[in-house]
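Work through the exercises below with the sequence and the structure side by side, and try each task before reading its solution.

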Amino acid sequence: MSPDSAPAAHEPDIPAAQAPPPGLVALFLAFARMSLAGFGGVLVFARHAIVDQHRWMSADEFNETFALCHFLPGPNIVNLSMVFGARLRGIAGGVAAFAGLLLPPTLIMTVLAIIYARFGDVDVLRRSLAGISCAAVGLLIAVVFRMMMPLLKRMDIVVLILMVGVLVAIGVLRLPLQAVLLVAIPVSIGVTFLIGGR
Amino acid sequence: MNAENPIWALISTFGLMSLFAVGGAAAAVPEMHRIAVEVHHWMTDKQFADAYAIAQLSPGPNVLIVTLIGYAVAGIPGALAATLAMCLPTALLAYYVSRLLNRPGQSRWPGLIQAALVPLSIGLMAASALILAQSTDRTVAALLLTAVVAVVASISRINPLWLLLAGGLLGFAGIV
């Protein structure tokens, strides 16, 4: 447990055998490892490492932390590395996890960018990338579908209208993101407040 | 393109974009496309689709497509500048907000706001998928591949890497 945050009203089923906070090097290495394993997204590997493997957080703590990072702007998993590292070891821990998550893949990506800039015109690479692009879009559709399932099951019309509205505004009409969110966020918060307040 | 320092253009563009990228990197892809291809002409449509594919194929957070955009604009310094500009400000913001909220006796507003953002972020992700599908799926075979991957990944727990590899092989063979 983090020493500087008093756990507020936690369930009694938290496993007693929770590991002591890891050192900065261990944090860096753990996030580097989950990042390098994370083809097509790091979340799955992050949860596995933090909750199952190292037992640095309970499943509930992880969910709370990720939820926070999801509703803040920016790349979720990058935010998660900073927040998680900071909870365990202060700001230095946050920086260690952040660097571990980003440094190795950034180096790999830079090498790939150099290769692409040099050989991007080679027809074979282009064709292979075209196939990978199609599959990558398919994966994205699958993720969106999985995330949509809870909303579809609840059949909350207002929520579905908001979702489709954003989809049409950005995906079909191609309006700028900031303008759409400037309208959609207050509307959605207002609607949620009214529905939840009943 | 412009006379200004391209590094500064990258930092201001992605630093600002990250603050509005609610719902993660995938939600920001349409905006990245708009800025990099349509506004600044840093990349062609094809280069952007390739960059997205490379970012998906390589390990690490998918947000690192910005590393490729940064490299296309200003080489290695551009790659590093774009990556840090996209990731660091919001990570620090998350750190401070988390400290602020991680106290006992908080109100119900954090949960309420989060619930309100869920449909918006899913809508954004769906828009990303639509825009990318329009720029990559130019043939029937390509559309079919995307559809099959979408279905397989939705109903099975297969490692996504295999599906990307299969797409690469089909492309290599000249089928899509």
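**Exercise 1: the domains of chain A**

Find how far apart the centres of domain 1 of chain A and domain 2 of chain A lie, taken over C-alpha atoms.

Solution. The centres of domain 1 of chain A and domain 2 of chain A are separated by 27 Å, taken over C-alpha atoms. Domain 1 covers 13-152 and domain 2 covers 156-198, with bounds that come from an automatic or database domain assignment. The model is predicted, and local features need pLDDT of at least 70, side-chain atom pairs count only at pLDDT 80 or more, while totals for chains, interfaces and linings use all residues. Residues are numbered from 1 along each chain as its sequence is written, and chains are lettered from A and ligands numbered from 1 in the order in which they are written.

**Exercise 2: the largest nonpolar core**

Which residues touch the most other members of the largest nonpolar core?

Solution. A nonpolar core is a set of buried Ala, Val, Leu, Ile, Met, Phe, Trp, Tyr and Cys residues joined through C-beta atoms within 7 Å, where buried means that 20 or more other C-beta atoms, placed from the backbone, lie within 10 Å of a residue's own. The largest such core holds 120 residues, and A:V166, B:Y52, B:I65, B:L68 and B:I69 touch the most other members. Both domain 1 and domain 2 of chain A give residues to this core, so it lies between them.

**Exercise 3: chain B**

State how many helices and strands chain B has.

Solution. Chain B has seven helices and zero strands, counted as DSSP runs (helices H or I, at least four residues; strands E, at least two). Of its 176 residues, 55% count as buried.

Notes: Buried ≥ 20, exposed ≤ 12 C-beta atoms within 10 Å, placed from the backbone.
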